[in-house]
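Thanks for coming. Please have the display open.

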Amino acid sequence: MPTSGDLLRLADAVLLPGFEGTTPPDWLRRRLGDGLAGVVLFSRNITGPAQVADLTAALRAENPGALVGTDEETGEVTRLEVATGSSRPGGHALGVVDDVALTEALARDLGDELAAAGITIDFAPSADVNSNPDNPVIGLRAFGADPVLVARHTRAFVRGLQSAGVAACAKHFPGHGDTSVDSHHGVPVVSTGGIEDALHPFREAIREGVRAIMTGHLLVPAYDAGLPATLSPKVLTGLLREELGFDGVIVTDGIEMAAVSGRHGIGGASARAIAAGADAICVGGERAGEATATEVRDAIAAAVTQGLLPEERLADAARRVRELAAWTTSSGGSGRVVDRDGRLGLAAARRAIRVTRRSTAAVLPFTGPARVIELAPEMNLAIDGRTPWGVGEPLRRLLPGTHVTRLTAGQATGAEIERLIGEAAGRPLAIAVRDAHRHSWQAEALRHLLSARPDAVVVEMGLPERSDLGAVHIATYGSAPVCGLAAAEVITGSL
């Protein structure tokens, strides 16, 4: 049976695809003009604030009600500042400071920047409770491991962002924190014993009036032992809509991720997500372009004609998306001046620093050129691999002549470490790591370095499971350049 044009347009009204390039391609302009819900911007679409503002203006010239979303969490997951690294620390650093007024102010400032660029929905904050320190995908993105702390900062972030007229989107429902699998690659399972803690921040976000919630591709046996949350009516409709009372827009995480598309294909997963209760399909992080957007649209429309997806459910999803777009349009920008010099973010990063001194020797401050060795693990797909991080560059700016070496897992051989130890002789040494407890090669390289240089300063830019490493241990609770600058200030005595 041929699919009607009206049904195809209705299917397009729930799609938020990605695209290649920094200007809208012709296919996207055409689809927007015909009712496509909006787009998701990724790092590949962004070169700077002025360019993004021009891009979003061009998108809205085709469809004034188009939603424009992005993943701007601050910290490790940044899109607007992918070229320079975030000027704001991420969620975990804010949780360590535990000043909800600061979190709200930082989110408000971020919202002002997003609104000025024409972005109307931010897929943030992460409302996940990172109760599993081995979690490979959440970690520093969460405000912490305490559900009450995470809840109060989730509410503060939502308040700040939405006060600027940008819709917040709490994620990854019903909680990705107590997992050890990355849903880009497999299906994480949420333990039954921790589900109430995981839900608490989402309950509070709903009370705060969050406009959108993003699903996690997670198996939640307490509610559905067979289907991941994104595809589960029991989780999206029964739990989120009926039990928790959420009436906003339910957005899927990237539908191309293996946890949902691996079994059903990208189109099949999209149709099943809408049938389960989702309202908007995010796609395009890994598969962007017209072919993907068409595949998803056609699969949703076909599911209606085949009786797998009630047309009333699809129409309800499209209505919710339209209402969210209308809210963002009526809210508009705040008109406040954006903190372009990053003072608020640097102040937050400074307050998050924790220093453990384990030597009575005068290790700090460094007063002359130093050696810095950074151990760089492979990051998950949510973090753009090009995003700058580390303590070396900011330390080099404060101490000209400082030499920085970065090693990946394959480069951190015993011979190479011995060579670097030799080169560092007579100079102060700082070693930067990211989640050393999760990467055995980092732990081994660190042991090797510290056996030769017990006077070294260790800067942990991930989760600090141990603080008894190095003569001085500095925990930044973030790897963004702003966190590295705060650590460099401690090392040089300027903070």
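I start with a term: a cavity here is a set of points, on a 1 Å grid over the protein atoms alone, where a 1.4 Å probe fits but cannot get out, and its lining residues have an atom within 4 Å of a point. Grid points are joined across faces, edges and corners, and a volume is the space filled by probe spheres set on the points.

On provenance, this is a predicted model, in which local features need pLDDT of at least 70, side-chain atom pairs count only at pLDDT 80 or more, and totals for chains, interfaces and linings use all residues. Residues are numbered from 1 along each chain as its sequence is written, and side-chain values use heavy atoms, with hydrogens and water left out.

Searching the whole structure gives three cavities of 30 Å³ or more.

Now the packing. A nonpolar core is a set of buried Ala, Val, Leu, Ile, Met, Phe, Trp, Tyr and Cys residues joined through side-chain atoms within 4.5 Å; buried is under 20% relative accessible area, exposed over 50%, and partly exposed in between, with a 1.4 Å probe and protein chains only. The largest core holds 87 residues, and Leu 41, Phe 173, Ile 213, Ile 300 and Leu 314 touch the most other members. A separate, second core has 29 residues, among them Ile 353, Val 459, Met 461 and Ala 487.

Next, the backbone. Most residues other than glycine have a negative phi, and most peptide bonds are trans. Which bonds are cis here? One joins Ala 124 and Pro 125, with omega about 10°. Another runs from Phe 173 to Pro 174, with omega near 5°. Phe 173 is also one of the core residues I listed.

As for phi, Asp 98 has a positive value near 55°. Is Asp 98 buried or partly exposed? Asp 98 is partly exposed, at 33% relative accessible area. Tyr 477 also has a positive phi, about 60°, but Tyr 477 counts as buried, at 15% relative accessibility.

That is the list; questions, please.

Note on methods:
On a 1 Å grid over the protein atoms alone, a cavity is a set of points where a 1.4 Å probe fits but cannot get out, and a pocket is an open set with protein on both sides within 12 Å along at least five of seven lines; lining residues have an atom within 4 Å of a point.
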